[in-house]
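Subject: Structure for your review

Hello,

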Amino acid sequence: MLKRTYEKVNALFEEANGYLPTRKLLENKITTIQIRSMLEEGKIEKISHGNYWNLMSGRKKPKNYKMIEACMTNPKAVICSLSACYYHGLLEEEPEQLYVATARTDRGGMKLTFPVSRHYFSVSSFEEDVLKVKTKWGNIRVYDVDRSVCDCIRLERELGQETVELVMEGYSKYKKRKPEHLLDYADRMRFGKIAREYLEKSE
């Protein structure tokens with residue numbers, strides 16, 4: 001492949017801060033054969049179906065790249081549970097899996113290069129408490145802190161009691177927490193009793 005082709009592709013990626021969808025490359029006369037060649041040469045990285053990251057510039061991915069890439073792959077997805085708590089600063093260590101919520105009716109793909117724990121919510125409650133965060137790399141959809149903590153309590157069997165207690169410890173120090181909001185959501189999801197027990201322990 002010609003040197004100027006690599007330079008053109010690198011410039012396109014840099015203009016978009018490192019990420020590009022296939023359609024943008026095709027619109028700029030970069031063929032599927034050239035894309036495949038750059039993948040094989042390690043010039044670009046496929047992050048999901050139809051989305052790529054530039055490796056030619058040597059730039060590092062952003063801190064929350066997993067969240068960005070998940071929301072890029074499925075724009076309707078929402079970062080939830082432990083991952084959302086990490087985003088809000090309640091946890092110091094990033095979870096090994098990215099916790100993602102989608103509506104039960106959503107069959108959009110979530111095949112990524114890192115482990116994902118996908119959780120399905122009813123359509124009626126799915127869009128509640130979603131924060132939409134714009135970054136220069138892409139948008140992140142994440143549940144607010146109270147709902148995120150509540151979902152961790154709801155997933156106690158999966159996450160383990162010690163992990164939920166760690167989340168509650170972080171929540172107790174969070175200045176903008178709204179326990180009444182958390183309990184309202186917990187009551188509607190029918191696990192208000194256990195949510196109240198965790199809140200009492202953490203105070």
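Helices (H or I, at least four residues) and strands (E, at least two) are DSSP runs, numbered from the N terminus. This is a predicted model, where local features need pLDDT of at least 70 and side-chain atom pairs count only at pLDDT 80 or more, while totals for chains, interfaces and linings use all residues. Residues are numbered from 1 along each chain as its sequence is written, and side-chain values use heavy atoms, with hydrogens and water left out.

A search of the whole structure gives 11 salt bridges (a side-chain nitrogen of Lys or Arg within 4 Å of a carboxyl oxygen of Asp or Glu).

Two of the contacts involve Asp151. Asp151 pairs with Arg147, with the closest N and O atoms 3.5 Å apart. The two are about one helical turn apart because they sit four residues from each other in helix 7 (residues 145–154). Asp151 has 1% relative accessibility, whereas Arg154 is partly exposed at 34%.

Salt bridges with shared partners also connect Glu45, Lys61 and Glu69 in one network. Within it, the Glu45 and Lys61 side chains meet at 3.3 Å, N to O. This pair links distant parts of the chain, 16 residues apart: Glu45 is in strand 2 (residues 44–48), and Lys61 is in the loop between strand 3 (51–54) and helix 4 (65–73). Glu45 is partly exposed at 22% relative accessibility, and Lys61 is partly exposed with a relative accessible area of 22%.

Regards

Methods:
Buried means under 20% relative accessible area, exposed over 50%, partly exposed in between (1.4 Å probe, protein chains only).
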